[in-house]
Amino acid sequence: MADWVSYYRGDGPDEEEDGEQQEEEGQEAVADHRFSGRDSLIFLVDASKAMFEPYEDEEAATPFDMTMQCIRNVYTSKIISSDKDLLSVVFYGTENNKNSADFKHVYVLQELDNPGAKRILELDQYRGDEGRVLFRETFGHNADYSLGEALWACSNLFSNVGVRLSHKRIMLFTNEDNPHANDSAKAKLARTRAGDLRDTGIILDLMHLKKLGGFDISLFYRDIISVAEDEDLGIQPDESGKLEHLMKKVRAKETRKRALVRLNLYLNKDLSFSVGVYNLIQKAYKPYPVKLYRETNEPVKTKTRVFNGKTGSLLLPSDTKRAQTYGNRQIVMEKEETEEVKRFDSPGLFLIGFKPLSMLKQHHHIRPSQFMYPEESLVTGSTTLFNALLMKCLEKEVMALCRYIARRNTPPRFVALVPQEEEVDEQKVQIAPPGFHIIFLPYADDKRNVDFTEKVPANREQVDKMKEIIQKLRFKYRTDSFENPVLQQHFRNLEALALDMLEPEQAEDLTMPKTEEMSRRLGNLVEEFKQLVYPPDYNPEGKVAKRKQAGDGQAEKKPKIEISEDSLRSYVQSGTLGKLTVSALKDMCRHYRLRSGGKKQELIDALTEYFSGR
Amino acid sequence: MARGGKSAIVLCLDVGIAMSSSAPGEESPLEQAKRVMTKFLQRQVFAESKDEVAVVLFGTDGTKNNLASGDQYQNITVHRSLMLPDFDLLEDIQNKIQLGSQQADFKAKRKKFEKRHIELFTDLSSPVSEDQLEIIIANLKKTGTSLQFFLPFPVDGADGHGDTSASIYPQLHQNSPPRKRLTAQQKEGIDVVKKLMHTLDEEGGLEEIYTFRESLERLAMFKKIERRPVPWSCQLTIGSDLSIRIVAYKLTEEKVKKIWTVVDAKTLRKEDVKRETVYCLNDDDETEVQKDDTIQGFRYGSDIIPFSKEDEEQMKYKTEAKCFSVLGFSRSSQIQRHCYMGNQVLKVFAAKDDENAAVAFSALVQALDELNVVAIMRYAYDRRCNPQIGVAFPRIKDAYECLFYVQLPYMEDVRQYMFSSLKNNKKCSPTVDQLSAIDSLIDSMNLVYEDVDGETFEDLFKPSKIPNPHFQRLYQCLQHKAFHPNEPLPPIEQHLLEMLEVPCVVKERCKAPLEKVKALFPLKDAGKKKEEKTAQDIFKDDEDGPNAKRRKIEDEEDSFSIMKLAEGNVTSVSKVLKLFLSKGNINFSNCIQLINRIDQFLENRSSQYYMKGINCIRAFRGEAMKLSKVQCFNDFLQALKSKVEDKALADFWEIVVQGMIPFDFLSII
């Protein structure tokens with residue numbers, strides 16, 4: 001038994017059989033993780049007194065509260081979207097200290113690790129007024145810190161992690177724009193340290209918070225922060241006085257952007273430049289369950305063995321083939337051949353031509369879009385050509401049509417490259433990156449013909465009444481307006497279990513229409529509209545009269561259809577058993593005492609075997 | 001397809017002797033007819049059409065049909081009665097159908113079915129009895145059977161008619177070579193056919209006559225699988241009091257192909273492949289545990305939380321019922337195309353046969369359209385499905401009004417990545433010349449023409465008219481494998497590849513602009529550099545390492561502690577050391593300080609800091625040599641070594657050893 005080939009499910013991507021059923025996107029995401037290591041993020045939080053002082057506006061949270069709220073949000077969202085990332089929280093400007101190099105006034109609250117329930121709970125302790133008191137008691141405040149040492153402690157945290165890190169980032173939260181104004185040695189040390197971080201590829205972002213009199217970056221932080229090469233906006237965002245804005249700044253940077261694939265865009269056979277393709281939207285799924293051993297709650301490994309049912313001998317991948325059945329014939333191919341069928345060309349985007357943007361049909365949607373940004377690492381000079389193309393497409397309001405092969409064994413799809421101009425909001429945070437959206441276009445096979453309902457046009461009065469209704473219910477849609485209630489509830493349940501809470505917090509379901517608010521806003525409009533369009537006795541909730549009749553008919557059950565053996569045989573011979581209903585097939589299986597599953601194909605198979613055998 | 005939609009198709013093939021004669025270098029009409037039939041049937045097989053097909057041969061030597069009596073219906077063989085087409089039939093047509101030596105009466109037989117087609121493949125060389133024509137026509141009309149003729153030549157000498165369907169690959173159209181002259185018999189046949197078709201269908205009768213050649217071109221593509229959309233009935237609700245009965249259909253959806261089943265390579269039976277899943281503990285023995293002894297858990301970040309199926313079921317989010325509810329209305333420009341989620345579009349209409357619903361629905365669609373707003377919806381297919389957020393936008397056509405529904409992302413699905421600005425980056429700003437080159441490229445590769453009237457457009461390249469090449473290729477390979485299981489896969493068909501290419505006109509037109517783009521934009525293949533640091537790189541004796549450029553030398557500092565030296569600025573190391581050592585105060589305690597500092601560097605475990613450490617050591621070594629304080633350096637190395645061993649920094653030590661032969665280094669190792 002020991003030499004049986006086995007592979008593990010749950011521990012990694014299933015490469016053999018299950019790979020075929022796996023969604024393409026899934027494979028990409030997993031593969032990325034394995035090859036490039038984990039992402040890590042340290043929240044370095046200024047804990048000096050100024051951070052705990054409320055703004056003039058009494059209602060608003062203190063800068064520290066805002067920071068903790070923000071960190072907590074990142075923790076929970078990481079648990080949902082990328083729980084493999086490592087997070088850490090470090091305070092500086094505390095009285096007490098805790099760090100591997102014994103620097104004064106630097107307190108490592110949480111080492112770099114996956115976010116978990118206990119950590120979130122720990123963060124929650126320091127929120128609000130009580131939190132402030134607890135913080136003072138536990139850590140105290142001391143202004144005699146050295147930012148350089150705090151950064152040094154952070155870089156130690158990165159280096160003490162046992163796993164390979166692909167992306168290292170420190171987010172510095174402070175409302176002090178000149179921490180070492182009177183101590184040039186400390187200021188110099190901080191600069192040196194920041195330089196070292198830069199050299200070792202650690203990105204240092206400043207999440208500066210609102211300060212009385214304004215936060216002046218040029219005083220000190222200009223030399224400290226390092227902008228990732230691929231995130232350079234040429235401008236700095238404004239300081240944050242509101243959680244919402246801080247969140248926006250943090251969210252823009254918290255996840256490392258990963259190219260799904262880097263490839264060439266061919267203008268023709270021998271002229272190409274390189275681009276990276278990204279997912280700006282990716283469906284977040286409920287994670288798969290893990291199997292645990294009942295006694296100890298430890299995770300168990302799952303092994304799947306493939307063997308021959310008759311001989312019991314183990315089947316290596318090469319001992320199996322792949323088959324599909326068409327026209328009563330099983331057609332067999334090698335596994336490699338099933339891959340080869342999907343191979344058309346090497347990966348790349350191949351330009352077909354240009355069309356006006358207005359030609360992109362709104363309803364020709366088939367897959368979530370992707371995003372394209374130039375990539376210098378393969379072909380230098382790509383960015384300039386890309387930029388020229390982007391500028392011209394925007395100016396002429398055209399899109400580019402391309403044939404797109406994402407990977408070696410992916411069949412081609414046609415895509416529209418829709419130009420996107422860079423947009424920044426009032427606070428100078430990027431809300432739309434420059435580049436092209438890759439919109440997937442349907443093939444003839446992907447579209448269906450549907451029969452339509454004849455139109456009965458409404459009159460002017462009716463339309464106008466509806467317009468009034470619409471005007472009352474307008475709001476501004478944003479892509480982050482709605483949380484997924486299924487995911488939120490799932491994670492709240494887990495949180496409750498993890499933290500031994502009695503009742504899970506009920507997630508507010510934002511997808512439910514707010515009927516009370518709507519009724520209030522609409523007032524009599526709905527009644528008036530109904531009077532205009534519906535006759536008094538009409539009930540749209542009720543079933544149509546026709547349906548009801550059909551329902552009545554069902555009450556007197558149809559007599560069972562008796563099918564003679566001869567006609568059955570002819571059905572079998574012509575391969576048209578599929579015409580019969582499942583219940584008829586079941587009856588017949590029962591009649592001939594055939595054992596079979598409940599599915600239609602199984603029933604048909606059983607009958608076919610029975611008759612062709614005789 | 002619903003049960004009523006099936007049709008019966010009778011393929012009548014003339015195998016009379018005349019079908020074999022052909023002009024030199026050309027395929028005989030029989031072979032051509034067989035190819036058309038094969039293509040047709042292949043399409044049916046792969047589209048998994050429920051239509052039944054029969055094959056009737058006429059002009060055979062024998063007679064086998066249940067109408068045969070006396071001299072009626074002679075030389076007609078029912079090769080296969082109506083049933084679903086399969087590969088056996090395909091093989092039959094390719095291999096078994098051979099010429100008969102007789103000439104046959106020209107008659108079709110009929111059978112009961114709901115929708116009937118009879119396809120006649122003939123060269124009309126058999127005598128046609130006009131006297132029976134009337135009866136045939138009457139019968140065909142009575143049963144509503146359609147008749148199509150496939151002939152080896154066009155009816156009117158010239159092309160009978162143009163290809164009515166939009167031809168995607170016009171380059172394949174060739175002029176027909178001159179035909180051999182038709183016999184009198186054939187001419188007479190044509191007359192009969194014409195008469196027949198005209199009587200059957202006064203208007204477009206002749207359009208049902210095809211030549212073999214054009215049929216082949218049309219049938220080269222595998223048919224797309226027709227699926228009847230399943231209606232989804234629901235009520236569109238606005239608030240709690242207003243509902244409109246609607247019905248929705250899937251408009252686009254990426255079709256799922258059949259999945260491959262795994263079969264045993266020897267027996268080719270899927271039943272022989274069994275799978276067994278076992279669970280085992282993560283210990284050295286991999287102790288197996290029973291499935292019943294396992295429970296379900298979920299990861300919550302770093303924690304794994306036991307959460308049984310039952311509890312999960314009880315606590316999870318529950319969708320109340322299917323719904324299609326308006327949450328609010330939003331300006332249409334706020335919904336960006338690239339935010340569409342999911343893999344389908346629904347087309348929503350008012351419920352069928354409900355005039356009241358239709359009026360209410362129409363009011364909604366028109367109001368949305370006039371205000372240029374869209375509805376943000378909550379959509380749940382049914383109780384078991386998770387709810388979606390989506391957008392419904394209006395569409396008004398002459399024949400109908402509808403809403404299109406597409407899913408939108410949840411907050412959790414959006415990744416806010418930041419990308420460097422292209423506008424604010426001078427390095428990648430194109431010049432005026434470069435821009436104008438791109439401008440003319442875009443013009444030359446324009447795929448859309450405005451027609452003379454200025455209103456309609458002609459689109460040279462419509463992906464939505466192209467069959468999915470993946471399926472075309474898959475069917476081609478499957479079909480090949482069905483007949484030749486042991487041969488390798490065939491190459492991709494040329495016409496398929498051509499379909500995916502830039503249209504010829506555009507290809508020609510853009511040549512010059514592309515040359516210009518190529519000349520104006522310097523592009524260089526970067527080739528992926530692999531960064532690999534060897535000991536040699538690190539110990540290269542040049543002072544202008546990457547660090548050297550980075551910062552100015554901090555000369556102004558006047559205190560020379562070895563701490564300072566190690567603190568950061570490596571370029572100044574040798575300088576500082578020289579000053580430092582020349583003062584004659586090199587001793588063991590200094591070394592300890594240096595070791596501690598190097599040690600701190602090493603905490604970081606990255607090559608950047610290794611290099612700093614090594615640079616320090618190297619500088620120290622150089623100075624020690626000059627001052628003949630060799631012992632001091634060796635002591636230092638000894639101490640460093642033990643320190644390094646404690647911390648398991650073997651890789652660092654490795655670099656030290658490789659790069660530096662101390663004065664009697666061997667003794668230390």
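1. A salt bridge here is a side-chain nitrogen of Lys or Arg within 4 Å of a carboxyl oxygen of Asp or Glu. By that rule, 14 salt bridges cross the interface of chain B and chain A. One of them pairs A:Lys283 with B:Asp413, with the closest N and O atoms 3.7 Å apart.

2. Ground rules: the model is predicted, with local features needing pLDDT of at least 70 and side-chain atom pairs pLDDT 80 or more, while totals for chains, interfaces and linings use all residues. Side-chain values use heavy atoms, leaving out hydrogens and water, and residues are numbered from 1 along each chain as its sequence is written, with chains lettered from A and ligands numbered from 1 in the order written.

3. On contacts (heavy atoms within 4.5 Å), 224 residues of chain B meet 235 residues of chain A. The buried area (accessible area, 1.4 Å probe, lost on putting the two parts together, summed over both) is about 21500 Å², and carbon and sulfur atoms give 59% of it. B:Tyr300, B:Met418 and B:Phe419 supply 5% of what chain B buries against chain A, more than any other three residues.

4. Now the inside. A nonpolar core is a set of buried (under 20% relative accessible area, 1.4 Å probe, protein chains only) Ala, Val, Leu, Ile, Met, Phe, Trp, Tyr and Cys residues joined through side-chain atoms within 4.5 Å. The largest has 71 residues, and B:Val517 is among those touching the most other members. B:Val517 touches A:Leu267, A:Leu271 and A:Leu385, as well as B:Ala437, B:Ile438 and B:Leu441, leaving aside residues up to four places away in sequence.

5. As for chain B itself, buried residues make up 52% of its 669 residues.

Notes: Buried means under 20% relative accessible area, exposed over 50%, partly exposed in between (1.4 Å probe, protein chains only).
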